[in-house]
Amino acid sequence: MSFISYLVNGISLGSVYAIIALGYTMVYGIAKMLNFAHGDVIMVGGYAAFTMMMSMNTSPLVAVLVSIVVCTVLGVLIETIAYRPLLEAASSLAVLITAIGVSYFLQNIVLLTFGSSTKSFQSVVTLPNLKLAGGSLVITSTAIVTILACIVIMIALTLFINKTKPGQAMLAVSEDKGAAQLMGINVNGTIALTFAIGSGLAAIAGVLLCSAYPALTPYTGSMPGIKAFTAAVFGGIGSIPGAMVGGILMGVIEIFAKAYISTQLSDAIVFLILIIVLLVKPTGLFGKNIQEKV
Amino acid sequence: MAMLEVKDLQVYYGMIQAIKGISFEVNAGEIIALIGANGAGKTTTLHTITGLLSPKAGSVIFEGQDITKTPAHKIVGLGMAHVPEGRRVFAQLTVYQNLKMGAYTRKDKTEIDQMLETVYRRFPRLEERKNQVAGTLSGGEQQMLAMGRALMSKPKLVLMDEPSMGLSPILVNEIFDIIRSLNKAGTTVLLVEQNAKKALAVADRAYVLETGRIVQSGDAKVLMNDESIKKAYLGE
């Protein structure tokens, strides 16, 4: 029974990683940059929802929607103010360091505004937990909602990219910005849209993460951010199914390592597996490695 | 009035001046060749016309409208398509997806389908391979795809950058035949080529570019028999 419960928890945590990893992988695929502030956007999403529910007494649904709007706007602002001026002119290293700067900036702004004390987050999922096998197996409603959210997001994103014009524009920009412009695609607009989607997803991930693990601090986003980034690399950075599979595997491995091996060593085990996978398949599980004829 | 007018264009890469004030024009219905050696500034000129680069001075006028400061993604909607050097097809997308990308600015679905049919008729090989990923096509097929993709926007003027590069002699002839028939069907062509012989044979008029300056221009047939051109570009 405990095995199934661990598995469900692992998939649920992995779903959060997967949703965060989508943001990393989409931005990398399209803007060719690593947005290390992405983890902190999750944290901002958590605080936005927290503020709405606690200070404004709104319903959880309204809190989630506000959180999505706040993070979407934040993501686009970060892109236009901090990254866009550098993407064309500066080296990729300058952009990377700027991203780290934005990450600390967000943490400190929240620290200044909300203080350093841990906020106790109330789950946005108010449904009763699922009791199976006569009460010996309990699956939390938060876990179920998290997994369902991940599936819905995956399907919606796949449809968006393959069936809509902005989605096709993303594919074109990810391959060749110059050629995409010649097709009439607004490259800056497409990059901004990518940040908007990634950050909106980060808000959802933030709310779900805080619902499962209710302690909210200005540093809440950094560890899940790094793990989700790892998940994106694990699955093959730039690949959307890769981010999904990588995220869920990361979550399951982490929970199993905690349960069966050692709580303290669980993170080390997760990263060890990542290193082994990358040694065997450097492009990640779903990494693209197409040879182009010239 | 000329369809495309380039006036005193100057383009820099950092401190280095790549284009040192060139002027030329393309009239509707013509094939104009821009010939010159490696590094003469041919590709830079085309990139500046379609907005991928911005000039330091000078202007580009298309159908009476100043497009010097128009961003690259708005150019194709005006009726000017660019077949870039090295084809630059979307290697991970299928032939069909690449062609659809060419019609990105067009909204009318039946018109897009009609264009697709026209392109397939002109390039039957693209239809045979429509579901194949573009990166696995041969060089000649990729060139056809790049041209087909440009045609999908129903352009009045097509800029072609080194369409014969890296192709076998038979394919080179085929590509130039296509350029000629495109022009007969009413499309104006601005052609950049290192293969001066082929370019002059197909063009109405030509401009010779040398380190960022136009050093000679005129009727293509006259240039073909010019002694200095023969010596420098035709290897005779």
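**Entry one: cysteines.** I started at A:Cys150, which is buried, with a relative accessible area of 2%. I kept in mind that this is a predicted model. Where is the closest cysteine sulfur to that of A:Cys150? I found it in A:Cys210, 17 Å away, which is too far for a bond.

Next I turned to A:Cys210 itself. This residue is also buried, and its relative accessible area is 2%. Its sulfur has its closest cysteine sulfur in A:Cys71, at 11 Å, so the gap is too far for a bond. A disulfide would need the two sulfur atoms within 2.5 Å. I then checked the total over all chains, and the structure holds 0 disulfides.

**Entry two: where the chains meet.** I moved on to the contact between chain A and chain B. I noted 22 residues from chain A and 26 residues from chain B taking part. About 2,300 Å² is buried between the two chains, and carbon and sulfur atoms give 60% of that area.

How many salt bridges are there between chain B and chain A? I got a count of 1. The salt bridge joins the side chains of B:Arg88 and A:Asp176, at 2.9 Å from N to O. Across the same interface of chain B and chain A I also found 5 residue pairs in polar contact, both residues at pLDDT 80 or more.

**Entry three: the chain B side.** Here I listed the helices that each supply at least two residues to the side touching chain A: α2 (72–75), α3 (95–102) and α6 (139–151) of chain B. α3(B) gives the most, with 3 residues. Sorting the residues of this side by type, I wrote down 12 nonpolar, 11 polar and 3 charged.

Definitions and conventions:
Residues numbered from 1 in each chain as written. Chains lettered and ligands numbered in written order. Predicted model: local features only at pLDDT ≥ 70, side-chain atom pairs only at ≥ 80, totals over all residues. Heavy atoms only, no water. Contact = heavy atoms within 4.5 Å. Buried area = accessible area lost by both parts, 1.4 Å probe. Salt bridge = Lys/Arg side-chain N within 4 Å of Asp/Glu carboxyl O. Polar contact = N/O pair within 3.5 Å; in protein donor to acceptor, adjacent residues only side chain to side chain. Helix = DSSP H or I, 4+ residues; strand = E, 2+ residues; numbered from the N terminus. Nonpolar A, V, L, I, M, F, W, Y, C, P; charged D, E, K, R; others polar. Buried < 20%, exposed > 50% of the residue type's maximum accessible area, 1.4 Å probe, protein only.
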